[in-house]
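Please read them alongside the structure.

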Amino acid sequence: FYLGLRKDYSLSNKLNLTPSFATGYYDQGSSKDLGSNLEFRSQLELSYNLKKNKRIGISLNHISNANIADENPGTESIVMSFIKYF
């Protein structure tokens with residue numbers, strides 16, 4: 001679960017650049033041990049406007065605990081998304 005801020009910057013009438021930062025709760029479960037339940041995510045998204053309040057995007061993010069724990073392996077992801085505004 002993450003809660004944060006993001007801001008769209010229009011590069012053209014079709015392209016957007018969206019940086020974001022969020023703080024969240026991470027439950028390891030059977031996944032990677034990130035060293036803490038409190039994690040921070042920084043992300044950069046490039047998206048393309050489609051018709052009728054829709055767009056597709058690709059983003060790169062980094063999640064880590066910012067060295068608040070003894071272990072801080074961090075993780076990176078590349079995410080493709082479909083966004084629809086209501």
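Where is the place of N67?

1. The place of N67 is in the loop between β5 and β6, where strands (E, at least two residues) and helices (H or I, at least four) are DSSP runs numbered from the N terminus. This is a predicted model, in which local features need pLDDT of at least 70 and side-chain atom pairs count only at pLDDT 80 or more, while totals for chains, interfaces and linings use all residues. Residues are numbered from 1 along each chain as its sequence is written, and side-chain values use heavy atoms, with hydrogens and water left out.

2. N67 has a relative accessible area of 61% and is therefore exposed, on a scale where buried means under 20% relative accessible area, exposed over 50%, and partly exposed in between (1.4 Å probe, protein chains only). Its side chain makes a polar contact of 3.1 Å with the side chain of N72; a polar contact is a pair of N or O atoms within 3.5 Å, where within protein one must be able to donate a hydrogen and the other to accept it, and residues adjacent in sequence count only if both atoms are side-chain atoms. N53 lies in the loop between β4 and β5 (54–64) and, at 53% relative accessibility, counts as exposed.

3. What are the volume and the lining of the largest pocket? Its volume is about 150 Å³, and 13 residues line it, of which L5, R6, S20, R41 and Q43 lie nearest its centre. A pocket is defined on a 1 Å grid over the protein atoms alone, with a 1.4 Å probe, as an open set of points with protein on both sides within 12 Å along at least five of seven lines, and lining residues have an atom within 4 Å of a point. Grid points are joined across faces, edges and corners, and the volume is the space filled by probe spheres set on the points.

4. Three strands, β1 (2–6), β3 (15–25) and β4 (38–49), each supply at least two residues of this lining, and β1 gives the most, with five residues. By class, the lining residues divide into five nonpolar, five polar and three charged, where Ala, Val, Leu, Ile, Met, Phe, Trp, Tyr, Cys and Pro count as nonpolar, Asp, Glu, Lys and Arg as charged, and the others, Gly among them, as polar.

5. Is E45 buried or exposed? E45, which lies in strand β4, is buried, with a relative accessible area of 4%. A polar contact of 3.4 Å joins its side chain to that of R6. Leaving aside neighbours within four places in sequence, the residues in contact with E45 (heavy atoms within 4.5 Å) include R6, N16, L17, T18 and R55, and I58, S59, S81 and I83 are also among them.

6. The structure holds one aromatic pair. The rings of F21 and F40 have their centres 6.2 Å apart and their planes at 15 degrees, so the pair is stacked; rings of Phe, Tyr and Trp (its six-membered ring) pair if their centres lie within 6.5 Å, and planes under 30 degrees apart count as stacked, over 60 as edge-to-face and the rest as tilted. Because F21 lies in strand β3 and F40 in strand β4, the pair ties together parts that are 19 residues apart in sequence. F21 itself is partly exposed, with a relative accessible area of 44%.

7. L3, in strand β1, counts as exposed at 64% relative accessibility. From C-alpha to C-alpha, L3 and F21 are 8.5 Å apart in space and 18 residues apart in sequence. With neighbours within four places in sequence left aside, L3 is in contact with A22 and T23.

8. The loop between β2 (9–10) and β3 holds L11, and N13 is found in the loop between β2 and β3 as well. L11 counts as exposed at 52% relative accessibility, and N13 counts as exposed at 66%. Beyond its neighbours within four places in sequence, L11 is in contact with N16, L17 and L46, and its C-alpha atom is separated by 10.0 Å from that of Y48, 37 residues apart along the chain. N13 and L34 are 21 residues apart in sequence and 39 Å apart in space, C-alpha to C-alpha.
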